[in-house]
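I opened the notebook today for a look at one helix and at the aromatic rings. Here is what I looked up, in order.

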Amino acid sequence: MKYALFLGCKIPSGLPAYETSTRAVLGHLGVELVDLEFQCCGYPARNYDRDAFVVAATRNLALAERHALDVLTPCMCCFGTLRQAIRMMNEDAPLRTRVSRSLADDGLAWTGRARVQHVLPLLAREIGCDALKAAVRAPRTELRLAAQYGCHALRPGDVTGIDNPVAPTIFESLIRATGAIPVDWPRRLDCCGDPSHEANAPLSARMTRAKIVDAQESGAEAICTACPHCHLRFDAEQAAEPTPAIRTMLVTQLVGLAMGL
């Protein structure tokens, strides 16, 4: 199994542990990761210039195609953005023509061959929970975790395709494979508040705090995340506290610990 690793902007700049744990876990499981000269996924331009957004996203996909590789990203935002760009390229012929002309200036071409995958379904489905269970050397027995999917993991459901957008189970299945216990928490599918932070910080803080309280009251010892934006928002909301109300743990850290890495 071989992928071009797309880290995006947020992980290298703010959450390098996600890269470290992803490389360690997938390397242990025999997945080969290739580093290409990727750029931003285009998400920051999405609400300002549609063409610029799609050109940025598609450039990365065309680069992966040049190397005959599919794309793997640990970032849910990048995952959703790249998948959305593919949808737009397939459905909008005039847009596809404009983007193709721009890519041609860089000697690139997009055909749609490169798939985009996120590390969560890669672990849970392509590698599989049975294979993960077999690789566990230090099961996280009795560790109670709140699975934080993140909005870009599930919506729009026909774009991301990770799981049922209103009743997902994939994250909880992965948690169980490590020996840990997923808790049932009412706000598990609510937004973490990060998209609202710059526009309305008080609203964002209320959304984040509500999720933290809900996870605690549901018996979780930590919130397990698969999105760097969610992870960093939970940490930032608790940064001023001497002791965080609840810990955060990346899904790849959980799997790595369970495998004894």
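I call a residue buried under 20% relative accessible area, exposed over 50% and partly exposed in between, with a 1.4 Å probe and protein chains only. The model is predicted, so I kept local features to pLDDT of at least 70 and side-chain atom pairs to pLDDT 80 or more, while totals for chains, interfaces and linings use all residues. Residues are numbered from 1 along each chain as its sequence is written, and side-chain values use heavy atoms, without hydrogens and water.

**Helix α6**

Helices are DSSP runs of H or I with at least four residues, and strands are runs of E with at least two, numbered from the N terminus. I checked α6 (residues 119–135) and found that its end C-alpha atoms span only 17 Å. A straight helix of 17 residues would span 24 Å, taking 1.5 Å times one less than the number of residues. Where is the kink in α6 centred? It is centred on G128, at about 95°, the bend being the angle between axes fitted to the seven residues ending there and the seven starting there. G128 is buried, as are I127 and C129 among others in α6.

**Aromatic pairs**

I counted rings of Phe, Tyr and Trp (its six-membered ring) as paired with centres within 6.5 Å; planes under 30 degrees apart are stacked, over 60 edge-to-face, the rest tilted. My search of the whole structure gave 2 aromatic pairs. F6 and F38 are tilted, 5.0 Å centre to centre with 55° between the planes. F6 is buried at 1%, and F38 at 17%. Y149 and F171 are edge-to-face, at 5.5 Å and 90°. Y149 sits in the loop between β5 (144–148) and α7 (151–154), and F171 in helix α9 (residues 170–177), 22 residues apart.
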